[in-house]
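Here is a short report for a reader new to this structure.

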Amino acid sequence: MRLRTLPLSLSGVSLGLMLAAADYRVGWGTAVWTLLTTVCLQILSNICNELGDTLNGVDRAERKGPKYSLAEGGMTVREMKWFIAATVICCIACGLCMIRSSFGTLLALEPVCLMMLGAAAISGAMKYTLGRNPYGYRGLGDVYVFLFFGIVAVLGSYFVAARTIPSWILLLPACGIGMLSIGVLNVNNMRDMNSDEGIRITIPLRIGLRNARIYQTILVCGGIVCITVYSLLRFPDPWHYLYLVTLPLFVIHLHGIWTRQDEALDPMLPLLVISTFALSLLAGAGYLVFLLGNA
């Protein structure tokens with residue numbers, strides 16, 4: 001299930017929930033179901049990615065990353081398909097419980113729109129490497145990650161929790177988390193450039209290793225800048241900048257990006273995942289601490 005990726009999927013959702021809790025009253029049940037739905041969607045994306053890579057010959061012996069169940073023989077393709085079906089059911093069940101907990105009904109405009117968004121998220125998770133023309137093999141994975149890990153994660157969780165989106169400036173933290181999430185995908189693609197060549201198209205293969213490093217630097221710095229601008233536009237308080245204590249982690253990450261390549265890049269992937277998760281928690285916590293201090 002690639003559990004080390006779960007903190008990344010929880011980053012945007014956790015930030016959205018905490019920002020909503022700082023502005024409105026948020027029910028615990030809604031928050032828990034939102035987090036569970038996110039975990040199920042991430043696991044679905046991971047196992048569909050593994051099946052797609054196996055069926056399309058991407059997970060070969062020369063692949064630099066960790067080995068997974070299908071490649072090692074721990075599961076058969078048929079068993080993986082049953083696992084995917086069960087995970088889809090879990091995504092639907094948790095998603096419906098999330099919507100019902102927030103809105104009290106499934107038969108209204110907002111719940112119906114959220115169900116349509118959920119269906120799109122399930123479809124996007126599955127078609128990344130599965131299907132006749134998977135978009136993950138056409139260099140479009142960055143777009144999917146930005147939309148679902150950034151925009152949908154932050155704004156969607158905020159809307160589910162608060163049942164409104166009060167200001168356009170919430171796009172800033174959404175874009176920030178989206179850019180950092182793309183960075184995780186970009187590290188993965190940089191690591192696998194040799195094994196991916198001739199099989200699928202990724203941004204690093206299109207622009208080369210040096211430009212991919214520049215791209216990574218822009219993504220990481222841009223993500224932090226977006227969240228900082230959001231804090232500047234909100235009412236001023238020192239607690240809102242609590243996330244800045246994570247900056248050394250991002251510096252270490254970028255140093256590794258510029259000094260490593262191939263399988264040596266692999267530790268930079270979980271480092272960015274944990275750094276992004278820590279930034280999200282501290283960015284949201286800064287607003288909750290301020291709220292509690294002025295309650």
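R163 is partly exposed, with a relative accessible area of 44%. Here buried means under 20% relative accessible area, exposed means over 50%, and partly exposed lies in between (1.4 Å probe, protein chains only). R163 sits in the loop between α6 and α7 (171-191). Its phi is positive, about 60 degrees, although R163 is not a glycine. Most residues other than glycine have a negative phi. D262 also has a positive phi, about 55 degrees, and is not a glycine. D262 belongs to the loop between α11 (247-259) and α12. At 21% relative accessibility, D262 counts as partly exposed.

This is a predicted model: local features need pLDDT of at least 70, side-chain atom pairs count only at pLDDT 80 or more, and totals for chains, interfaces and linings use all residues. Residues are numbered from 1 along each chain as its sequence is written, and side-chain values use heavy atoms, with hydrogens and water left out.

## The whole chain

The chain has twelve helices and zero strands. Helices (H or I, at least four residues) and strands (E, at least two) are DSSP runs, numbered from the N terminus. The radius of gyration is 19 Å, close to the 19 Å that the globule rule gives for 295 residues, so the chain is as compact as a globular protein of that length. That radius is taken over C-alpha atoms, and the rule is 2.2 Å times the number of residues to the power 0.38. Along its principal axes, the C-alpha trace spans about 60 × 45 × 25 Å.

Of the 295 residues, 51% count as buried. The accessible surface comes to about 13300 Å², and 69% of it belongs to carbon and sulfur atoms. These areas come from the Shrake-Rupley method with a 1.4 Å probe; for residues, only the protein chains shown count as cover. Among contacts with a separation of 6 or more, 74% join residues 24 or more positions apart. Contact means heavy atoms within 4.5 Å.

## The cores

Which residues touch the most other members of the largest nonpolar core? They are L44, I84 and L279, in a core of 69 residues. Helix α6 (residues 141-162) gives the most to this core, with eleven residues. A second, separate core has five residues, including M98, I99, L114 and V160. A nonpolar core is a set of buried Ala, Val, Leu, Ile, Met, Phe, Trp, Tyr and Cys residues joined through side-chain atoms within 4.5 Å.

Leaving aside neighbours within four places in sequence, L44 is in contact with I84, T87, V88, C91, I122, A125 and M126. T87 lies in helix α4 (residues 77-103). T87 counts as buried, at 7% relative accessibility. Beyond four places in sequence, T87 is in contact with C40, I43, L44 and I47.

T276 is found in helix α12 (residues 268-293). Is T276 buried or exposed? T276 is buried, with a relative accessible area of 0%. Its side chain reaches the backbone oxygen of L272 at 2.8 Å. Beyond four places in sequence, T276 is in contact with L8, S11, I177, L180 and F250.

Y243 lies in the loop between α10 and α11. Y243 is buried, with a relative accessible area of 1%. A polar contact of 2.8 Å joins the side chains of Y243 and T228. Such a contact is a pair of N or O atoms within 3.5 Å; within protein, one must be able to donate a hydrogen and the other to accept it, and residues adjacent in sequence count only if both atoms are side-chain atoms. Y243 and A283 are 40 residues apart in sequence and 5.0 Å apart in space, C-alpha to C-alpha.

Helix α10 (residues 209-233) has 25 residues and reaches 36 Å from its first C-alpha to its last, close to the 36 Å expected at 1.5 Å a residue. The expected span is 1.5 Å times one less than the number of residues. Buried residues of α10 include R213, Q216 and I227.

L55 belongs to helix α2 (residues 28-55). L55 is exposed, with a relative accessible area of 52%. Beyond four places in sequence, L55 is in contact with V77 and L130.

| Residue | Relative accessible area |
|---|---|
| T276 | 0%, buried |
| Y243 | 1%, buried |
| T87 | 7%, buried |
| L55 | 52%, exposed |
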